[in-house]
Amino acid sequence: MDALAASLPGTAVNDDAALAREFDACLADCPKLAYRVALGVLRNGADAEDVAQEAMLRAYRNFHRLRNRERFRGWIARTAWRLALDRLRAAGRREKRESAAAECSSEAKVEDLVASREFQRRLADAMDALPEKLRQVMVLAAIEGYNTREVATLLEIPEGTVRSRMFLARKQLAESLRCLVKNTPIG
Amino acid sequence: MSCEKYSNWLMGAALGALGDAEMAELRAHTAGCSHCRSEWETIRALVVAVDRGVEAMVAGEPSAQFVSRLRARIAEEPTPSAWPLFAWRQFGLATLAAAAATIAILLVRTAEHEHGPASVDVNTLTKIGQQSPVSRVSSLENTSANGNASRRHRGASAHGRPDFFSTEVLVPRGQMAAALVLSEGVSTGKIDGVQLARLAERSAEPLEWRALDIEPLAAPYPRVEAMKAANADDGDQN
C-alpha cells in the first residue's frame, strides 16, 4: 500500500494527511459538544464520556464522507444524541419515577431551587417527559447559550422551528415545576 | 376577570412570547395588582430557574484523558491511508484516465475523419492511464500491435457503424455511462474536448480534494442510444 501511495505523489497520501490534520483540529472543540449533548440525555459523566468517545470514533471513521465540514458539529451533536438515547434505552436507566413526585409538597425560594436536589430531580423528570424533539432543542440551546441560530445550524432545521420548540419546551418545563415555587416571589 | 386575563398572559410573558403592546398592558396591570405582580415575579423566576437548571444539567467537560483515550482507540483503527477515501481516489483516477482516453480517441477519430490527423496526441493521454497503478484503461490500438483493434475497426466500418466504434476503450465497471455521456458532450461540442484533454495531461500533478454535487443525468443521450442500437444490430448479425 505504501508503494502504491508513493506512486501517486501529492494525491492520496497528502489528502489523507490533510484529512487527519483536519480531524485533529476538530478534536479541539467537538468532544466537549458530544460530551455535553450526551450528558443532557444521560446525566452521568462517565456514561456521557463513553458516548462522546463512540461519537468521535464514528466521526473519525466517516470523516472522509462528510462533504461539508461546517456541518461536522451538527453531525457530531446528532450522533451523540442518538447514541446517548440508545444507551439509555439499552440500559433501562430511564427510571419511571413515582407520579407522587408530581405532587406539590414543598415551597421554596426560587433562587435556592436551582441548587436544590428536589428541583434538579423534578427538572430531570420534566425533561424526560418532554417529547424528544423538544428535549433535543432544549439541551442544545442550553449548550449553545440559547442561541437559536446555532441550534438551527446544528439540527439543520429552520430557526423558527427551533424557537417554537424552545418555547413549548420551556413552557412545559416551567408548568411542571410551577408547584415548587407556588406563590413564592423572588427576593 | 381582569386578573384571570392577565394570569393567562404571565407564562407567555416570562417566555418572551408576548407582543410589545400586550407586555405594556400587563406591566400596567401588575403595577396596580399585587396578586398578579407576585404571580408574575414567581413565574419569571421559575423560567429563569428552569433555564439555569438545564444549563447546569449539560455543564461539564470531558475528562483530561478524553482525547488521549480517543487517540488510543483511533490508533487501533485502520491507518488513514486505508480509509475508503483512498480507494475512492484510485477509482476516481481510473475514471479520469478512462474518460481522458475516451475523449482523446474520439477527438482523434473525429479529426481524422473530417480534417486529417488531429493535434491531440492520443499516446500522451493514454500515458495518464498507464501512470495510474489502478487504471484499467487500454486502447487496443495502443496496448499492442495485434490486429484486434484494426480488425474490429475494419469490421465495424464494414457494418456502417460510426467511426467512434472502431476503437475499444475498457472502462472500469460502473463507469461506462459516465464515459459515454462525457464523449457525447465532447462530440456535441458541449464540452471542450481539447481543453479537457489538456487538463487530463496535468492529472499527474497533485489533485485537489473537492466535494462535488453531481447533478442527476438527464436522459436520453442520442449517441448513447445510437450506440446501444448499433450494438444490438451487431449482436444480431453475429
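Helices α2(B) and α3(B) are oblique to each other, because their axes cross at roughly 120°. Angles under 35 degrees count as roughly parallel, over 145 as roughly antiparallel, 65 to 115 as roughly perpendicular, and the rest as oblique. The pair covers residues 20-32 for α2 and residues 34-58 for α3 of chain B, and the two axes come within 6 Å. Those axes are lines fitted to C-alpha atoms, for helices over the stretch in contact, with angles running from 0 to 180 degrees between N-to-C directions. As for the helices themselves, they are DSSP runs (H or I, at least four residues; strands are E, at least two), numbered from the N terminus.

A word on what you're looking at: this is a predicted model, where local features need pLDDT of at least 70 and side-chain atom pairs count only at pLDDT 80 or more, while totals for chains, interfaces and linings use all residues. Residues are numbered from 1 along each chain as its sequence is written, chains are lettered from A and ligands numbered from 1 in the order in which they are written, and side-chain values use heavy atoms, with hydrogens and water left out.

Back to that helix pair. The crossing of α2(B) with α3(B) is left-handed, the label used if the near helix is turned anticlockwise from the far one by less than a right angle (clockwise would be right-handed). On the α2(B) side, the residues in contact are Met23(B), Leu26(B), His29(B), Thr30(B), Ala31(B) and Gly32(B), and they meet Ser34(B), Cys36(B), Arg37(B) and Trp40(B) of α3(B). Contact here means heavy atoms within 4.5 Å. Sort these residues by type and you get five nonpolar, four polar and one charged. For that sorting, Ala, Val, Leu, Ile, Met, Phe, Trp, Tyr, Cys and Pro count as nonpolar, Asp, Glu, Lys and Arg as charged, and the others, Gly among them, as polar.

Stay on α3 of chain B and find Asp51(B), which sits in this helix. Asp51(B) is buried, at a relative accessible area of 12%; buried means under 20%, exposed over 50% and partly exposed in between (1.4 Å probe, protein chains only). Leaving aside residues up to four places away in sequence, Asp51(B) touches Met138(A), Tyr146(A) and Arg170(A).

Now over to chain A, where α8 (residues 132-143) and α9 (residues 148-155) have axes that come within 9 Å and cross at roughly 125°. That angle makes α8(A) oblique to α9(A). The crossing is right-handed. Gln136(A), Val137(A), Leu140(A) and Ala141(A) in α8(A) meet Val151(A), Leu154(A) and Leu155(A) in α9(A), a set with six nonpolar residues, one polar and no charged.

In chain B again, Ala100(B) belongs to helix α5, residues 84-115. Ala100(B) is buried too, with a relative accessible area of 5%. Ala179(B) is 79 residues away from Ala100(B) in sequence, yet their C-alpha atoms are 8.9 Å apart in space.

Finally, the whole chains. Chain A has ten helices and zero strands, and 48% of its 187 residues count as buried. Chain B has eleven helices and zero strands, with 40% of its 238 residues buried.
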